[in-house]
Amino acid sequence: MTSEPLAADPLAARLTGGRGPLFFPVTAYGPDGGIDLAAFRAHVRAGVDAGAAAVFACCGTGEFHALSPEEFRLCVRAAVEESAGRVPVLAGTGHGTALAIAYARAAEEEGADGLLAMPPYLVVADQPGLIRHYTELAAATSLDVIVYQRDNAVFAPETVVALSRVERIIGLKDGLGDLDLMQRIVSAVRTAEPGRDFLYFNGLPTAELTGLAYRGIGIGLYSSAVFAFAPDIALAFHRALTTGDDKTVNRLLDGFFVPLVELRNRGRGYAVSLVKAGVRLSGLDVGEVRPPLCEPTAAHTEALAALVAHGRTLLEDAA
């Protein structure tokens, strides 16, 4: 039996020692549009109780882009308090270097265990500029940093080697989905830094869909948007994927995750708003998304409810 990771352990050990997927809670809003901290706390608490390996607060699913600095602080503090050291809490940070550092320092002050560094705002930078951005961010606090590859932050293998040598940068989350590039990155770091325990995460919007492919190149950690609204389905898939039960993996892929991705692709921003609709369907009123995102249509929300019900039927059939 493996022992549970302790709060005093390094962040990398705590992230790899969990038994569930990485949890990215939505940010709850009340009827007036302001932060609903009670609902957010209940959402985080439920995810930790269900078996999340870590809480990533105020990241993409948590609408980092839409939060004021004070709202960011409130949510990070609430996530830390509700997690109570049982699992690590990482906070999102982003925008330009100065603002990213400001958010990082705020997260540290509120008790976060680490940072997810999202792409810089708007600009497309050359590789040396990206290295400088993340190096300065990592030097600004005592928190470990995971760098998020997606959109305008796409890294050459030699760039990831350079970042892996930066103190406090401990891993790379991939939201791009280029497996050829990821294999070259993994190989480059392994060759240049033998023995370096650098972490890699599958961070695609519905990571379960590519779980088998990422597992094939040695990447087992992933974020699960489904965990936010159907933790039983997400945990069943996680158990099957990590234990090699590919029969269950394929049953859930074919009957739940592939249709979910097809539904998600029917609206812009559904990687966030459809997840939030799913949380409301589960019985917790977390409000709507903030503009410029839009809510799913009524028909798409009904389709999501039917799909979740079908996913649970698949679990019953397997049992």
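**Cavities, pocket and helix packing**

Tutor: This is a predicted model. The largest cavity holds about 100 Å³ of space.

Student: How many cavities of 30 Å³ or more does a search of the whole structure find?

Tutor: The search finds three cavities of that size.

Student: How does one find such spaces in general?

Tutor: Rolling a probe the size of a water molecule over the atoms shows where empty space is left.

Student: Which residues line the largest cavity?

Tutor: The lining consists of Pro205, Thr206, Ala225, Val226, Phe229, Leu260, Arg264, Tyr270, Ala271, Leu274, Val275 and Leu304. Of these residues, 10 are nonpolar, one is polar and one is charged.

Student: And which helix gives the largest share of that lining?

Tutor: Helix α11 does, with four residues. Both α10 and α11, the latter covering residues 270-281, supply at least two residues each.

Student: How do α10 and α11 pack, then?

Tutor: Their axes are 10 Å apart and lie at an angle of about 115 degrees. On the α10 side the contact is made by Leu260, Leu263 and Arg264, and on the α11 side by Tyr270, Ala271 and Leu274. Five residues of this contact are nonpolar, none is polar and one is charged.

Student: Why quote both an angle and a distance?

Tutor: Two packed helices are described by the angle between their axes and the distance between the axes.

Student: What are the angle and the distance for α9 and α10?

Tutor: Helix α9, residues 231-243, packs against helix α10, residues 246-264, at an angle of about 145 degrees. The axes of α9 and α10 are 9 Å apart. The crossing of α9 past α10 is left-handed.

Student: Which residues of α9 and α10 meet there?

Tutor: From α9 come Ile233, Ala236, Phe237, Ala240 and Leu241. They meet Thr248, Val249, Leu252, Leu253, Phe256 and Phe257 of α10. This contact comprises 10 nonpolar residues, one polar residue and no charged ones.

Student: Changing topic: what is the volume of the largest pocket?

Tutor: The largest pocket has a volume of about 890 Å³. It is lined by 32 residues, and those nearest its centre are Gly60, Tyr148, Arg150, Asp151 and Val272.

Student: Which kinds of residue make up the lining of that pocket?

Tutor: The lining of the largest pocket has 17 nonpolar, 11 polar and four charged residues. Strand β8, residues 221-224, and helix α11 each contribute at least two residues to the lining of this pocket. Helix α11 likewise supplies at least two residues to the lining of the largest cavity.

Student: What about the whole protein: how many helices and strands are there?

Tutor: There are 12 helices and eight strands. The protein is as compact as a globular protein of its length, because its radius of gyration is 19 Å, close to the 20 Å that the globule rule gives for 319 residues. Its C-alpha atoms fill a box of roughly 45 × 45 × 40 Å along the principal axes.

Student: One last topic, the backbone. Where is there a cis peptide bond?

Tutor: A cis peptide bond joins proline 291 and proline 292, with omega at about 15 degrees. Proline 292 belongs to the loop between α11 and α12, the latter being residues 298-318.

Student: And which residue has a positive phi although it is not a glycine?

Tutor: That is alanine 84, whose phi is about 50 degrees. Alanine 84 is found in the loop between α3, residues 69-83, and β3, residues 89-93.

Definitions and conventions: Residues numbered from 1 in each chain as written. Predicted model: local features only at pLDDT ≥ 70, side-chain atom pairs only at ≥ 80, totals over all residues. Heavy atoms only, no water. Axes fitted to C-alpha atoms, helices over the stretch in contact; angles between N-to-C directions. Left-handed = near helix turned anticlockwise from the far one by under 90°. Contact = heavy atoms within 4.5 Å. Nonpolar A, V, L, I, M, F, W, Y, C, P; charged D, E, K, R; others polar. 1 Å grid on protein atoms, 1.4 Å probe; cavity = no way out; pocket = protein on both sides within 12 Å on 5 of 7 lines; lining within 4 Å. Points joined across faces, edges and corners; volume = space filled by probe spheres on them. Rg over C-alpha atoms; globule rule 2.2 N^0.38 Å.
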